[in-house]
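Please open the model in your viewer and keep the selection panel at hand. The tour begins at the ligand and then moves to a pair of aromatic rings.

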Amino acid sequence: MLNETTTDYRAIAASLSFPVDAYIGGRYQPAKSGKRFDNVNPATDEVLCAVASCDADDVDAAAAAARKAFDAGEWSRAAPETRKEVLLRLAGLVREHAVELAVMESLDSGKTITDCLHEIGNEVPNFFQWYGELIDKSFGKVAPTGENALALIVKEPIGVAGIVLPWNFPLLMAAWKLAPALAAGCSVVLKPAEQTPLTALRLAALAAEAGLPDGVLNVVPGFGETAGQAIGLHGDIDVVSFTGSTEVGRLFLRYSSDSNLKPVGLELGGKSPFIVLDDARIDDHLVSSAVSAAMWNGGQNCSANMRQFIPQSRKEEYLDRVLARIRALKVGDPLDPSTEMGPMVSREHQERVLGYIEAGIREGASVLTGGGPFDDRPGRYVKPTLFDSVRHQMTIAREEIFGPVLGVIAYSDPEEALQMALDTSYGLHATVFTQDIDRALHFARRLACGTVAINAFTEGDIKTPFGGYRQSGSLARDNGTEALQQYLQTKTIWIASRQA
Ligand code: NAD
């Protein structure tokens, strides 16, 4: 699977037939309005296909199908091992179709084929497998009562889950949310991002093939202001899980308050620090961690560590190494397996990222490499950009850029670095490099964020909860056993006994 060439992937791309309709109640169907929107390949600016543009009427139909399936109980009240079997079959089908799905996702998003294959060939199926295997090992509780009662604390599926997705990891984010929601027994109305609707639509058919009953998974492609808002405001959707911008996260809380007070799980990105302490070894591992922390997936990553805090005394050494690595990054055709970075996801997003780069230059940071688009190629590419002399008050150090930009902020005292790192409204992730375990633990405890990585850039894995402190999110978490809790509600059954 990993040995194919660009020519092979292009041939697969040419043979793909794109799923372009909504998937509601077990069948593909156009939007009720008949409207469609162009789905564009950001590497070439070519239109791939015209996708159904769903709005409130389609969300109503999807929510009704989801409710009907939930009430019928074929999935929601099935024995956990029955749900497990279907999720394991789905994991197998995703693995079987991984190359097709990866090529589709690469065309749709501009993500590199290598990343798409890794995510879709490994991580996505692992999510369906892991939550499938978890659900028949998740026990309720018995409360300590006297002998005159038996108090059972049981978990039940919450009902219909609305899932609204971002475009940066399209099928992986779908799996992060769908796997626990389906394992819990919920029915789902899922809206992929308008930039990247294809793989979620294809997944719906694979889920049906795996044995998921009709109506349990409904996929409504469309825009945020139409389909997304309709999910947020829907009175018969019981919970929403959203990943995306802070601005839209706020809207989902408002939608909930204006409708049925549905719980809302939010994952809203960040402005994460990468802190190198003065005892750290600046070796190949640190340098490649630093560059991928800022630039993996073209920097279109919620946990991107764009703000890099470096001791003044080590800055020149750091910049030399990091600059060489960034200059060596291979930016180009996403279907070429040797490409390390593709284009930004869309024209609009490319403009947003370039606007931030201009702001950095205007506010006095100095560009050591990159600093603009590529003039010699079509597509939405941005040159990997390294900024020196960043100050933590600058726009580029405060706002989420979501592009291939690394900014170096020099510090003279570790406490100063910590305070600058904390001076943000976000709190998703941080990385600290040090050889001193005491300093590592000190920073890990003091950094106000959901994940602290020591001596590597990592978000953890499927077993570790992922989510933010502060305005990076709400209390809900993706991944690990915690994710399941978003889609379950707790019931107490108190059985009184007069006999004891
Ligand atoms: P966005 O938040 O606008 O979109 C994310 C999802 O929300 C999409 O499915 C979109 O259709 C939907 N949406 C948009 N407006 C909506 C509305 N009014 N009501 C309901 N749903 C709505 O993100 P974007 O515009 O695509 O990107 C903007 C910025 O958001 C990025 O530059 C980045 O900083 C951030 N972002 C963060 C993540 C993350 O992983 N946390 C992912 C994508 C984008």
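**The ligand and its shell**

Select the shell around the ligand: its residues comprise 14 nonpolar, 10 polar and five charged. Here Ala, Val, Leu, Ile, Met, Phe, Trp, Tyr, Cys and Pro count as nonpolar, Asp, Glu, Lys and Arg as charged, and the others, Gly among them, as polar. The model is predicted, with local features requiring pLDDT of at least 70 and side-chain atom pairs pLDDT 80 or more, while totals for chains, interfaces and linings use all residues. Residues are numbered from 1 along each chain as its sequence is written, and side-chain values use heavy atoms, without hydrogens and water.

In total, 29 residues surround the ligand (a heavy atom within 4 Å); Leu 165, Trp 167, Glu 194, Ser 245 and Tyr 255 are the closest.

Next, display the polar contacts (N or O atom pairs within 3.5 Å). A polar backbone atom of Leu 165 is 2.7 Å from a ligand oxygen atom. At Arg 352, a side-chain N or O atom is 3.0 Å from an oxygen atom of the ligand.

Now colour the elements (DSSP runs: helices, H or I, of at least four residues; strands, E, of at least two; numbered from the N terminus). Two or more shell residues come from each of α8 (224-233), β10 (239-243), α9 (246-258) and α12 (347-362). Helix α9 contributes the most, with four residues.

**An aromatic pair**

The structure holds 13 aromatic pairs (Phe, Tyr or six-membered Trp ring centres within 6.5 Å; planes under 30 degrees apart are stacked, over 60 edge-to-face, the rest tilted). Select Trp 176 and Phe 466: their ring centres are 5.4 Å apart and their planes at 75 degrees, so the pair is edge-to-face. Trp 176 belongs to helix α6 (residues 170-184) and Phe 466 to the loop between β18 (451-454) and α16 (480-486), so the pair ties together parts 290 residues apart in sequence.

Note on methods. A polar contact is a pair of N or O atoms within 3.5 Å; within protein, one must be able to donate a hydrogen and the other to accept it, and residues adjacent in sequence count only if both atoms are side-chain atoms.
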